[in-house]
Amino acid sequence: MNYERLLSFGDILELNIQCDPYKLLKETKSYKWMKYNPRKDIKRYGLSLTSLTGKIDGIDLDSIYEYNRVNNTSLDETSFTELTDVYYNSSEVRKIMDPWIDTGLGRSHIIHLPPGGHFPPHRDLSHFEEDQKTFRVVVPLINCNPEQAYFMYEDKPLHFKHGKSYFMNTNKMHSVFSMSDCYLIVLNVFYNDDNVKEILSSLAYN
């Protein structure tokens with residue numbers, strides 16, 4: 001199925017893949033969070049669920065474009081497939097990740113946006129890229145709705161059910177601004193037939 005056919009079902013799709021956000025954060029509280037995109041002076045932190053080697057070393061939390069430019073590498077979202085200890089030590093994380101592991105899961109992490117933390121308006125697929133290699137599944141955990149945070153999709157604020165997974169077409173313009181302590185999971189799922197079938201079979205309103 002091509003990407004346009006998937007999008008005929010909608011740009012944002014609620015899925016029946018879910019977790020207990022508070023239990024998840026309790027299970028992961030012993031880990032050290034690292035600066036997300038440390039080249040930017042923005043309050044954003046990440047906890048790696050996948051990485052290049054399975055170690056939590058922060059490479060996957062950097063700007064992949066900048067990391068490639070500085071290190072003369074050619075990494076992309078599909079390069080980060082090794083599970084970190086966070087996956088193995090959290091039953092709630094496994095609930096979110098297990099549907100995708102055997103069929104292709106790339107760069108994935110939990111993001112913490114403290115008050116003032118934000119992602120400015122952006123698109124996740126560069127218009128210079130010809131192929132859709134991955135798509136995004138977002139899991140809002142805590143304080144992701146107005147007025148604690150504003151997740152803007154084009155010109156509209158989104159209202160989530162915390163703990164639920166959402167397929168999201170992030171090729172469209174979106175941004176996030178937090179006024180509280182916002183936590184969410186971002187998965188980069190390989191774009192292939194098996195994962196598209198998983199999306200459609202997991203729709204909350206089939």
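**Salt bridges and burial**

R39 is partly exposed, with a relative accessibility of 41% (buried means under 20% relative accessible area, exposed over 50%, partly exposed in between, with a 1.4 Å probe and protein chains only). The model is predicted: local features need pLDDT of at least 70, side-chain atom pairs count only at pLDDT 80 or more, and totals for chains, interfaces and linings use all residues. Residues are numbered from 1 along each chain as its sequence is written, and side-chain values use heavy atoms, without hydrogens or water.

*R39 and D62*
- R39 forms a salt bridge with D62 at 2.7 Å, N to O (a side-chain nitrogen of Lys or Arg within 4 Å of a carboxyl oxygen of Asp or Glu).
- Because R39 sits in the loop between strand 2 (34-35) and strand 3 (45-48), and D62 in the loop between strand 4 (50-51) and helix 3 (64-71), the pair ties together parts 23 residues apart in sequence (helices, H or I, of at least four residues and strands, E, of at least two are DSSP runs numbered from the N terminus).
- D62 is buried, at 8% relative accessibility.

*D124 and R136*
- The closest N and O atoms of D124 and R136 are 3.0 Å apart, in a salt bridge.
- D124 lies in the loop between strand 7 (118-122) and strand 8 (134-142), and R136 in strand 8, 12 residues apart.
- D124 is partly exposed at 24% relative accessibility, whereas R136 is buried at 13%.
- A network of salt bridges links E77, R107, D124 and R136.

*Other salt bridges*
- D155 and K156 form a salt bridge at 3.4 Å, N to O, and both residues are exposed.
- The whole structure holds 12 salt bridges.
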